[in-house]
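Colleague: Thanks for making time for this one. I'd like to go through it with you while we both have the picture in view.

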Amino acid sequence: MELENINPHVYKKISDRPILPEEEDNDVEDEFDSREIFDLIRTINDPEHPLTLEELHVVENSLIDVDNQNNTIKVLYTPTIPHCSMATLIGLSIRVKLLRCLPSRFKVHVEINPGTHASEHAVNKQLADKERVAAALENTHLIKVINQCIVNKVS
């Protein structure tokens with residue numbers, strides 16, 4: 001397989017957030033925030049490169065919106081190139097990771113950052129269509145690739 005983006009720009013990882021004592025206290029109500037969502041998706045592996053979505057700046061904390069009152073989470077992501085053929089796969093990987101990690105009360109929206117991909121409307125339409133997402137996740141080859149992307153590699 002020939003790579004589309006042979007020399008992607010690699011960014012420095014953000015340091016891990018220290019865990020505070022109140023975050024470990026199960027008696028304290030702790031709402032989800034954008035950094036917590038970012039921490040869940042930052043380690044997703046890019047399908048083409050041995051790099052994470054954080055290292056490629058595909059996901060950024062500033063592009064995540066969490067509304068605990070309405071139980072919604074919106075993640076915008078930025079493909080590395082405007083014609084990235086992996087954009088849908090990356091979006092599915094983000095969506096699957098969040099659906100597996102978050103309480104079912106949350107409705108998760110994953111979209112391409114506006115103006116960053118040539119087919120953003122078509123990709124966003126696919127990612128928002130529950131039936132298309134469900135059908136994609138029934139494809140054994142596709143779910144195997146997604147699982148490889150969302151597994152946390154030990155460094």
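Colleague: Let me start with Asn68: not counting residues up to four places away in sequence, which residues does it touch?

Modeller: Keep in mind that this is a predicted model, where local features need pLDDT of at least 70, side-chain atom pairs count only at pLDDT 80 or more, and totals for chains, interfaces and linings use all residues. Residues are numbered from 1 along each chain as its sequence is written, and side-chain values use heavy atoms, with hydrogens and water left out. A contact means heavy atoms within 4.5 Å. With sequence neighbours up to four places away set aside, Asn68 touches Glu31, Phe32, Arg105 and Phe106.

Colleague: And is Asn68 buried or exposed?

Modeller: Asn68 sits in the loop between strand 1 and strand 2; strands (E, at least two residues) and helices (H or I, at least four) are DSSP runs numbered from the N terminus. For accessibility, buried means under 20% relative accessible area, exposed over 50% and partly exposed in between, using a 1.4 Å probe and protein chains only. Asn68 has a relative accessible area of 14%, so the label is buried.

Colleague: What is the phi of Asn71, which is in that loop as well?

Modeller: Asn71 is found in the loop between strand 1 and strand 2, and counts as partly exposed because its relative accessibility is 22%. Its phi is positive even though the residue is not a glycine, with a value near 55°.

Colleague: Stepping back, in what order do the elements of the chain run from the N terminus on?

Modeller: The chain has six helices and three strands, and of its 155 residues 39% count as buried. Among contacts between residues at least 6 apart in sequence, 67% join residues at least 24 apart. From the N terminus on, the order is α-α-β-β-α-β-α-α-α.

Colleague: Which residues have the most contacts inside the largest nonpolar core?

Modeller: A nonpolar core here is a set of buried Ala, Val, Leu, Ile, Met, Phe, Trp, Tyr and Cys residues joined through side-chain atoms within 4.5 Å. The largest has 36 residues, and the ones with the most contacts inside it are Ile37, Tyr77 and Ile94.

Colleague: And which helix gives the most to this core?

Modeller: Several elements supply at least two core residues each, including strand 1 (64-67), strand 2 (72-77), helix 2 (34-41) and helix 3 (87-101). The top contributor, with seven residues, is helix 3.

Colleague: At roughly what angle do the axes of helix 2 and helix 3 cross?

Modeller: Axes are lines fitted to C-alpha atoms over the stretch in contact, with angles running from 0 to 180 degrees between N-to-C directions. The contact is made by Ile37, Leu40 and Ile41 of helix 2 and Ile94, Lys97, Leu98 and Cys101 of helix 3. The two axes come within 10 Å and cross at roughly 115°.

Colleague: What is the angle between the axes of helix 3 and helix 4?

Modeller: On the helix 3 side, the contact is made by Ala87, Thr88, Gly91, Leu92 and Arg95, and on the helix 4 side by Val123, Gln126 and Leu127. The axes come within 10 Å, and the crossing angle is roughly 35°.
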